[in-house]
Structure formats: structure tokens, C-alpha cells
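Subject: A structure for you to look at

Hello,

Here is the structure I promised to pass on. Please open it beside this email and follow along.

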Amino acid sequence: MLDFLGSLERTHLCGDLRASNAGQHVVLMAGVNRRRDHGNLIFLDLRDRTGIAQIVLDKELTPDGHTKGEQVRSEYVVAAVGKVRLRDADAINPKMPTGEIEIEPPSSSS
């Protein structure tokens, strides 16, 4: 599925996001480094020259985004729109500078 970017412009680089960005609306444009499909959840690790940010696509909250996530593969270049949220304490990755946060797309009802 091909979507055109329209007037979207990148707001942040992937590796620049931190816990202090929680709650902010962001637009990331980067290549897919890795895709993990856990059924109702798909995780996309987007990578640009600054680092990696994780996108979470929940089938119940964002069915359209989840459908697009099912089609994405490594090295695809994508634009991701969403809100920075803090990861649960048990999901923090201390080995990554961006390991405290993830990006959640707006819900389909928004």
C-alpha cells in the first residue's frame, strides 16, 4: 500500500528522542531496521543517522496502522506519525539511548 506524504514534515530524528519528549507529537521519517510481529502487536524499529526509535502498532487501537505494519519489511522507508510515550518499567531497554520511549500512532477514533 502506497501513501503519499502530502504536507508531512519530519519533526524529530529517531535517535534524538528521550523520556523528556513524552507526550509530544512527532513525525519520523526513516528506514525500517527491524519488524517484529506478535499478532495483535507489531513493533517497527526505525533507524536514521542518529539512532533507533520503536513504533508500536496495536491492532485494537490502530487497526489501519496495524494493517500497514503487516505490509512493511526491513529497509522500507516510512513516515511514522504518533505520540512519544514512556515504556513500561519492565520494557525499558537500558542498552539503547531511546530505550525508555516508544511511539504510538494516534488511535483510529482520533
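Two residues are in contact when heavy atoms of theirs lie within 4.5 Å. Keep that in mind for L17. Leaving out residues up to four places away in sequence, L17 touches H12, V26, L28, A53, V84, P97, T98, I101 and I103. One caution before you read on: this is a predicted model.

**The whole chain**

The chain has 1 helix and 5 strands. Starting at the N terminus, the order is β-β-β-α-β-β. Along the principal axes, the C-alpha atoms fill a box of roughly 35 × 30 × 25 Å.

Of the 110 residues, 37% count as buried. The chain exposes about 6,700 Å², and carbon and sulfur atoms supply 50% of that. Now take the contacts between residues at least 6 apart in sequence. Of these, 55% join residues at least 24 apart. Charges come next. There are 14 positive and 16 negative ones, and their mean positions are 5 Å apart.

**The core**

Nonpolar side chains tend to be buried together in soluble globular proteins. Here, the largest nonpolar core has 18 residues. Which residues have the most contacts inside it? They are L17, L28, L44, L46, I55 and I103. Strand 1 (25-37), strand 2 (41-48), strand 3 (51-58), strand 4 and strand 5 (101-104) each give two or more residues to this core. The largest share, 4 residues, comes from strand 1.

Strand 4 covers residues 77-86. Look at A80 and V77, which both lie in it.

Is A80 buried or exposed? Its relative accessible area is 11%. Buried means under 20%, so A80 is buried. Setting aside neighbours within four places in sequence, A80 is in contact with V26, V27, L28, L46 and I55. A80 and V56 are 24 residues apart in sequence, and their C-alpha atoms are 10 Å apart in space.

V77 is another matter. Its relative accessibility is 70%. Exposed means over 50%, so V77 counts as exposed. With neighbours within four places left aside, V77 is in contact with A30 and G31. V77 and G31 are 46 residues apart in sequence, yet 4.1 Å apart in space, C-alpha to C-alpha.

**A loop residue**

E75 lies in the loop between helix 1 (63-71) and strand 4. What is its phi angle? It is positive, about 80 degrees, although E75 is not a glycine. E75 counts as exposed, at 72% relative accessibility.

**A buried aspartate**

Last, find D45 in strand 2. It is at 10% relative accessibility, so D45 counts as buried. Which residues does D45 touch, not counting those up to four places away in sequence? They are G31, V32, N33, R34, R36, I52, A53 and Q54.

Best wishes

Notes: Residues numbered from 1 in each chain as written. Heavy atoms only, no water. Buried < 20%, exposed > 50% of the residue type's maximum accessible area, 1.4 Å probe, protein only. Core = buried A, V, L, I, M, F, W, Y, C linked by side-chain atoms within 4.5 Å. Areas by Shrake-Rupley, 256 points an atom, 1.4 Å probe, with all protein chains shown as cover. Lys, Arg positive; Asp, Glu negative; His and termini not counted. Charge placed at Lys NZ, Arg CZ, Asp CG, Glu CD.
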